[in-house]
Amino acid sequence: MIAVLLCSTILCAQSESVREYQIKAAYIYNFTNFVTWPSEAFSSDRAPFIIGIFRDDPIYPYLKEIITGESVDGHRLIIKQYEDFEDLKTCHILVINDLETDKLSSSDISALKKGNTLTVSNMPNFTQKGGIVKFFNKNNKIHLQINNEAAKAADLVISSKLLNLADIFFP
């Protein structure tokens, strides 16, 4: 009996985390429609829109499933995994797992502004370090915190519809 209860608790916890990754993946996909990138963020009119995943992140399969076959403004959505910070200059959205907190400094995150990259993470103090969108849990729901100043520095325009859904971080 105890084994059954333990297994059902583990399954509930697993399904909650799966649901969380699915919701976050849907948010990330929708960012492509509620954030405007400058034309120079793309090498051509048909260049792909790249969503980058920094190192290992459990959101990868859920995000890949959502974006497969999709495009935004004529740019086919693709997902790439990056192992090295130096390779990140070519992505439009970068998802950084909170397990990478100790590997990225504020200057690393700030350097991405030059590449018109929307940075997304659930890292503690992410928006304070210059990140743009932070996921956080409140009352068992996923919420957003947006550093609009960091978005402007990256030459990104966030729709008022998205800003209205978020807590705004003021540096």
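1. Tyr 27 and Phe 31 both sit in helix H1 (residues 2-34). They are 4 residues apart, about one turn of the helix. This is a predicted model. The two rings form an aromatic pair with 6.3 Å centre to centre and 35° between the planes. That makes the pair tilted. Tyr 27 is partly exposed, at 23% relative accessibility. Phe 31 is buried, with a relative accessible area of 2%. Tyr 27, Phe 31 and Phe 135 make up one aromatic cluster.

2. Confidence. The chain has an average pLDDT of 84. A score of at least 70 is reached by 81% of the residues. Residues 1-14 need caution in reading: pLDDT stays under 50 there. The model gives this stretch 0 contacts beyond four places in sequence. Helix H1 is assigned to residues 2-34.

3. Trp 37 and Phe 49. The ring centres of Trp 37 and Phe 49 are 4.8 Å apart and the planes stand at 85°, so this pair is edge-to-face. Trp 37 lies in the loop between strand E1 (35-36) and strand E2 (49-54), while Phe 49 is in strand E2. The pair therefore ties together parts that are 12 residues apart in sequence. Both partners are covered. Trp 37 is buried, with a relative accessible area of 10%. Phe 49 is buried at 1% relative accessibility. The count of aromatic pairs comes to 6.

4. The largest nonpolar core. This core has 36 residues. Ile 28, Phe 31, Trp 37, Leu 63, Ile 93, Leu 118 and Ile 132 touch the most other members. H1 gives the largest share, 4 residues. Ile 28 shows how the parts meet. Beyond four places in sequence, Ile 28 touches Ile 51, Ile 59, Leu 63, Ile 93, Val 95, Val 120 and Phe 135. Another core lies apart, with 11 residues. Among them are Leu 88, Cys 91, Met 123 and Phe 126. As background, nonpolar side chains in soluble globular proteins tend to be buried together.

5. Strand E6. Which residues cover the two faces of E6 (residues 118-121)? Leu 118 and Val 120 are on one side, Thr 119 and Ser 121 on the other, and all are buried. E6 has parallel partners. Strand E5 (residues 93-96) is joined to E6 by 4 bridges, and the two run parallel. Val 95 stands opposite Val 120 in this pairing. E6 is also joined to strand E7 (residues 133-138) by 2 bridges, again parallel. Here Ser 121 is opposite Lys 134 in E7.

6. Leu 118. This residue belongs to strand E6. Leu 118 is buried, at 0% relative accessibility. Beyond four places in sequence, Leu 118 touches Phe 31, Val 35, Trp 37, His 92, Ile 93, Leu 94, Ile 132, Val 133 and Leu 156. One of these contacts spans some sequence: Leu 118 and Leu 156 are 38 residues apart. Their C-alpha atoms are 7.6 Å apart in space.

7. Ile 142. Where does Ile 142 sit? Strand E8 (residues 141-146) holds Ile 142. Ile 142 is buried, with a relative accessible area of 14%. Beyond four places in sequence, Ile 142 touches Glu 20, Ile 23, Lys 24, Tyr 27, Phe 135, Phe 136 and Asn 137. Ile 142 and Glu 20 are 122 residues apart in sequence, yet 7.6 Å apart from C-alpha to C-alpha.

8. Backbone points to check. Most residues other than glycine have a negative phi. Arg 55 has a positive phi, near 60°. Arg 55 is in the loop between E2 and helix H2 (60-67). Arg 55 is partly exposed, at 23% relative accessibility. Asp 155 has a positive phi too, of about 65°. Asp 155 is in the loop between helix H4 (148-153) and strand E9 (157-158). At 41% relative accessibility, Asp 155 is partly exposed.

Terms used. Residues are numbered from 1 along each chain as its sequence is written. This is a predicted model: local features need pLDDT of at least 70, side-chain atom pairs count only at pLDDT 80 or more; totals for chains, interfaces and linings use all residues. Side-chain values use heavy atoms; hydrogens and water are left out. pLDDT is the predictor's confidence in each residue, from 0 to 100. Contact means heavy atoms within 4.5 Å. Buried means under 20% relative accessible area, exposed over 50%, partly exposed in between (1.4 Å probe, protein chains only). Two strands pair if DSSP finds at least two bridges between them. Rings of Phe, Tyr and Trp (its six-membered ring) pair if their centres lie within 6.5 Å; planes under 30 degrees apart count as stacked, over 60 as edge-to-face and the rest as tilted. A nonpolar core is a set of buried Ala, Val, Leu, Ile, Met, Phe, Trp, Tyr and Cys residues joined through side-chain atoms within 4.5 Å.
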